[in-house]
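Reader: I have a chain to look through with you. Let us go by question and answer.

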Amino acid sequence: MNIIVCLDDNNGMMFNSRRQSSDVVLTRHVIDLARESKLWMNEYSAPLFDGFSVCVSDDFLTHAKSGEYCFVENSDIAAHMDRVETLIIYRWNRHYPSDRTFDVSLDGWRLVESKEFAGKSHPIITWEVYER
């Protein structure tokens, strides 16, 4: 499976049990990225993708198969890392407060692609793809 996560400059994911930020251009980017496969997420993330065909389950990290995508906002992925093929990180390029941080080290992962694009609410969003 391929993990998709949005992080601030301190690897923060959430603050006060809610997402730090969202951006409709980023959402469209994720939909385009996963268009040839399934895109999994939990109920919390599903409203971001309203109107798009996504797979929703509280146990989405267990259901996702090889080649499929998981959009992760409020779940820990460390226990599933043996099944992760790629890590796709969208960086907000900002410092937000956070109380949930990304629970995986990038040690042993290799950055294979990186691009910047303009979002609607963020002037620059950085897209990074990591492989083992």
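Reader: Does His122 count as buried or exposed?

Author: This is a predicted model. Residues under 20% relative accessible area count as buried. His122 has a relative accessibility of 1%, so His122 counts as buried.

Reader: Which residues does His122 touch, not counting residues up to four places away in sequence?

Author: Contact here means heavy atoms within 4.5 Å. With residues up to four places away in sequence left out, the list for His122 is Ser21, Ser22, Asp23, Trp92, Arg94 and Tyr96.

Reader: What pattern does the protein follow along the sequence?

Author: The protein has 2 helices and 10 strands. Read along the sequence, they give β-β-β-α-β-β-α-β-β-β-β-β.

Reader: Why is the protein as compact as a globular protein of that length?

Author: The globule rule gives 14 Å for 132 residues. The radius of gyration is close to that value, so the protein is as compact as a globular protein of that length: the radius of gyration is 14 Å.

Reader: What percentage of the contacts with a separation of 6 or more comes from residues 24 or more positions apart?

Author: Take the contacts in the protein with a separation of 6 or more. Residues 24 or more positions apart account for a share of 67%.

Reader: Which element gives the largest share of the largest nonpolar core?

Author: The largest nonpolar core has 21 residues. Those with the most contacts inside it are Ile3, Leu61, Cys70, Val72, Ile77, Leu87 and Phe102. Elements that give two or more residues are β1 (2–7), β2 (12–15), α2 (60–63), β6 (69–72) and β7 (86–91). The largest share is 3 residues, and it comes from β1.

Reader: How many residues does the second, separate core have?

Author: This second core is separate and includes Phe49, Phe71, Tyr96 and Phe117. Its count is 20 residues.

Reader: Which residues does Cys70 touch, not counting residues up to four places away in sequence?

Author: Cys70 is among the residues with the most contacts inside the largest nonpolar core. Residues up to four places away in sequence are not counted here. Cys70 then touches Met1, Asn2, Ile3, Ile4, Trp40, Phe60, Leu61 and Ala64.

Reader: How far apart are the mean positions of the positive and negative charges?

Author: The protein has 14 positive and 21 negative charges. Their mean positions are apart by 3 Å.

How values were computed
Residues numbered from 1 in each chain as written. Predicted model: local features only at pLDDT ≥ 70, side-chain atom pairs only at ≥ 80, totals over all residues. Heavy atoms only, no water. Helix = DSSP H or I, 4+ residues; strand = E, 2+ residues; numbered from the N terminus. Rg over C-alpha atoms; globule rule 2.2 N^0.38 Å. Lys, Arg positive; Asp, Glu negative; His and termini not counted. Charge placed at Lys NZ, Arg CZ, Asp CG, Glu CD. Core = buried A, V, L, I, M, F, W, Y, C linked by side-chain atoms within 4.5 Å. Buried < 20%, exposed > 50% of the residue type's maximum accessible area, 1.4 Å probe, protein only.
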